[in-house]
Amino acid sequence: MTTIKNYPKSFSHIGITVPDIHKAVKFYSEVMGWYIIMEPSKVTKEKETAIGQMCIDVFGEDWTEFEIAHLATSDGIGIELFSFPNGIKEAPEFNPFNTGLFHFCVQDPNIEELIDKIVSYGGKQRMPIRAYYPKDKPFKMCYVEDPFGIVFEIYTHSYELTYSSGAYSK
């Protein structure tokens, strides 16, 4: 193990743009079980509040309003959902070879049940469920899509357990 001179930063949240904030909140709260921290709210462009000014700083001047909702995972990671009225309402083409965010991953020991629920809500299973160590350990994974075409992965075990055994070594 390499000695790190810098401490590891914790993960706070991820922002996901969706075409319909209400359908996304329903999917992520009912399928993923994520807690709704803030129901969908409308944000309008204005400079009188700190939030309004911050949104202008982030998004620039070419917008008038959007909707936002906040959810949280069981381990306190935030999920910030955005829906912009004038944005493209289709997921970008899946291309993991280009620079950018490729996917996020969730963990559930009952991978089959979660995949069935994702599919029943309009999502997709992108591949068969695969085992990292089929002869040694019950670690499984699978890539899926939410109903909006956003790709994510499911692990049955923690990231540390999955890779500490040397998934790529012989």
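Domain bounds here come from an automatic or database domain assignment. In this predicted model, that assignment divides the chain into domain 1, spanning 11-88, and domain 2, spanning 91-169. The C-alpha centres of domain 1 and domain 2 are 24 Å apart, and their contact draws on 14 residues from domain 1 and 12 residues from domain 2.

Four strands make up an open sheet with mixed pairing, arranged in the order 1-4-3-2. Strand 1 (13-17) and strand 2 (35-44) are the edge strands, each pairing on one side only. From one strand to the next, the twist averages 20 degrees. Five bridges join strand 1 to strand 4 (residues 78-83) in the parallel sense; among the residues involved, His-13 has Gly-78 of strand 4 as its bridge partner. Helix 1 (residues 21-30) packs on this sheet and touches strand 1, strand 2, strand 3 (65-72) and strand 4. The direction of helix 1 makes about 5 degrees with that of strand 3.

As for polar features, the count of salt bridges between domain 1 and domain 2 is zero, while three residue pairs are found in polar contact across the interface. Strand 1 and helix 1 each contribute at least two residues to the side of domain 1 that touches domain 2, and helix 1 provides the largest share, five residues.

Key: Residues numbered from 1 in each chain as written. Predicted model: local features only at pLDDT ≥ 70, side-chain atom pairs only at ≥ 80, totals over all residues. Heavy atoms only, no water. Pairing = 2+ DSSP bridges. Axes fitted to C-alpha atoms, helices over the stretch in contact; angles between N-to-C directions. Contact = heavy atoms within 4.5 Å. Salt bridge = Lys/Arg side-chain N within 4 Å of Asp/Glu carboxyl O. Polar contact = N/O pair within 3.5 Å; in protein donor to acceptor, adjacent residues only side chain to side chain.
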